[in-house]
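Look over the structure, then read on.

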Amino acid sequence: MTNWWTGTRLVFERGLLEQLRSKTFKIVTALLILTSAASIFLPTLFLNRAQTYTVATVGPAPAYLVAALNGAGTAGDFTVKYVTRNSQKELQTAVRHDEATVGLGDGVLFVASKGAGTFPVVVAQAAVKLEQTEKLAQAGLSQADITALQSIQPPRQVIVGRVQDQGRAMVGFAVGLILYGAILFGGRAIAGAVALEKTSRISEVTLAVLRPSQVMVGTVLAVGSITLADVLILAVPPAVAIQTTDALGVPQVATGDLALGITWFLLGFALYAFLFAAAGALVDKVTEVDSAVLPITMALLAGYFVSIFLVTEDPQSFWGAVASIFPITAPIVMPIRWASGEVPVYQLILAMAATAAAAVALVWLASTIYRRALLMTGHRLHFREVLGARAAG
């Protein structure tokens, strides 16, 4: 066993060094760093700017109005500024020239034609409440009675949607998309590396001193390490930002979803990587790699489309649940469905167990194909042809 791991480590180190030296790795890593940074800073710059509204009044704004609007601003994450004018005409001019969002005076509310949003409604409600307070006081009610009447709250709103938290669901969808791209990109790199070594006859030299399983596992580990590093570059900075600040506007529970995504990457990569290696061993020319890996790519693509058209539409649907547990699609579908917040824990555990078991079975199948296909040259091979052949050496 020690000798087996020694040979595997040599293949791993050689493959890892080649990957680190490649220009593609440097370019992809730089792009991933920029993408990760942009995912943190762009939402902060463009999505989380506090809105500021300006209220113009004839004379100083009443204290109750100021208190009501400032309280609404605290709850609604906006700020309110106050300016004074001498007449309704000046109020109208201030609003027209964008010096104020709204103008309030003598029972009239002047509103800008655009950019005001729902703020005029807030001002109108505060003005009505102010006038109600004055009339109730004139009717002889005590301040305690007025406060009791105005403390009546509207019905509590419960937002009903397809997911518990839209921000968390967006993170889940991003995780699924990253996993799809990472497994596809890493798998294609493994198939290409295997095909290059076979067609250039390097594998013949390697197999003279090493077992086929050592070469396959070493290659998979080398490319897998690089791909995992790329995934971490994309995931770790946003996870830290979510945990320490609210810059991204998503709940801290999404950090766990990102960590779970790393686990799903490891399971998904173990499931598909050795199949990509086996597919790469089938070719007789490097240009045949894309067609050789097409069945595997289609399986990945199926999981991606299921997550888009089925799970995001209704995470609790029967077929969405099936796709999130079925091993071939689970690595892409389950992270997206889990982020909806409605998945029973037992389904997550079942999906992981099924995927891990399928990965073990596929590793054995891929090893058999890989071992036989490397020694069969001269033409493009097919899975059935290799499986039907007698095991080599």
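Q: Which residues do ring pairs link into a cluster?
A: Y180, Y304 and F305. Rings of Phe, Tyr and Trp (its six-membered ring) pair if their centres lie within 6.5 Å. This is a predicted model, where local features need pLDDT of at least 70, side-chain atom pairs count only at pLDDT 80 or more, and totals for chains, interfaces and linings use all residues. Residues are numbered from 1 along each chain as its sequence is written, and side-chain values use heavy atoms, leaving out hydrogens and water.

Q: How many aromatic pairs does a search of the whole structure find?
A: The search finds 5. One of them joins Y53 and F78, with 5.4 Å centre to centre and 80° between the planes. Planes under 30 degrees apart count as stacked, over 60 as edge-to-face and the rest as tilted. At 80°, the Y53–F78 pair is therefore edge-to-face.

Q: Why does the pair of Y53 and F78 tie together parts that are apart in sequence?
A: Y53 lies in strand β1 and F78 in strand β2, so the parts are 25 residues apart.

Q: What makes F265 and F269 a tilted pair?
A: Their planes are 35° apart, so they fall between the 30 and 60 degree limits. Their centres are 5.4 Å apart.

Q: Why does F269 count as buried?
A: Buried means under 20% relative accessible area, exposed over 50%, partly exposed in between (1.4 Å probe, protein chains only). F269 has 7%, so it is buried. F265, at 1%, is buried too.

Terms used:
Helix = DSSP H or I, 4+ residues; strand = E, 2+ residues; numbered from the N terminus.
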